[in-house]
Amino acid sequence: MAQAKIQAKMTEAPCKFSRTMSMADRSGRLLENLDQLEMRVEALRETASAMEQERECILEMIQSIQNSQEMRNICAGEREELDLTSNRLMGRTLSVEISIGTIRNSQQEEALSKATSIIDEMVKKLLNDMAGGRQQLMALHAACVSEAPPVPIDQKFQALVISCAMEDQKKIKRRLDTLLRNVENAEKNIKIMDNQKLDGSKANGC
């Protein structure tokens, strides 16, 4: 009887070993599939992020054309047609909605909220005080660049940005990049308009 049991155990062992290897193989294949899917997920997020940036770029270009000096220099009839076209393009671009969720912990959520509030307050300041707002904007932007900036850095804002998730850090920098370009374009337009006014005054004086 004992010998029969030993013999039965010996015959069972190869079967158990075979099942274990089979499960390991199956697990390995599933893990390989998940690794491939992870690469596709990252590619999907990168594509969506690129589309999001393209949307922002298109909107900025449309606004630049709408506010350009060339638009002001054409006659009212042609400007009306261009306004209609640019507004139509603006509406179609805004109808494209791209959403990329970012996983954050509580610290990153708090840091993003505070950083966003600082930028929002700076934007309000820009509307009321272009010069003062521009200085603050440059200090915030300097906190997001790797190279040494030629302006003072807002250390408090920099600490908040560093505490944000990596994707949020990129979005904050992009927003500040866009705001800085818009301010520079606005200042250029103001100077052009002011020079035209001065030139007109000189011409009337002559």
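Contact here means heavy atoms within 4.5 Å. By that criterion, 69% of the contacts in the protein chain between residues at least 6 apart in sequence join residues at least 24 apart.

The structure is a predicted model, in which local features need pLDDT of at least 70, side-chain atom pairs count only at pLDDT 80 or more, and totals for chains, interfaces and linings use all residues. Residues are numbered from 1 along each chain as its sequence is written, and side-chain values use heavy atoms, with hydrogens and water left out.

**Overall make-up**

The protein chain has seven helices and zero strands, where helices (H or I, at least four residues) and strands (E, at least two) are DSSP runs numbered from the N terminus. Mean pLDDT (the predictor's confidence in each residue, from 0 to 100) is 84 for the protein chain, and 81% of the residues score at least 70. Of the 206 residues, 22% are buried; buried means under 20% relative accessible area, exposed over 50%, and partly exposed in between (1.4 Å probe, protein chains only).

**Packing of H4 and H5**

Helix H4 (residues 106-128) packs on helix H5 (residues 130-142) at an angle of about 150 degrees, and their axes are 6 Å apart. Axes are lines fitted to C-alpha atoms, for helices over the stretch in contact, and angles run from 0 to 180 degrees between N-to-C directions. Angles under 35 degrees count as roughly parallel, over 145 as roughly antiparallel, 65 to 115 as roughly perpendicular and the rest as oblique. H4 and H5 are therefore roughly antiparallel to each other.

From H4, the residues Ile118, Met122, Lys125, Leu126 and Asn128 take part; from H5 they meet Met130, Gly132, Gly133, Arg134, Gln136, Leu137 and Leu140. The residues of this contact comprise six nonpolar, four polar and two charged. Ala, Val, Leu, Ile, Met, Phe, Trp, Tyr, Cys and Pro count as nonpolar, Asp, Glu, Lys and Arg as charged, and the others, Gly among them, as polar.

**Two buried residues**

Leu179 lies in helix H7 and is buried, at a relative accessible area of 17%. Apart from its neighbours within four places in sequence, Leu179 contacts Ile119, Met122, Val123 and Leu137. Val145 sits in the loop between H5 and H6 and counts as buried at 15% relative accessibility. The table gives one residue pair for each.

| Pair | Apart in sequence | C-alpha to C-alpha |
|---|---|---|
| Leu179 and Arg134 | 45 residues | 9.4 Å |
| Val145 and Lys173 | 28 residues | 8.0 Å |
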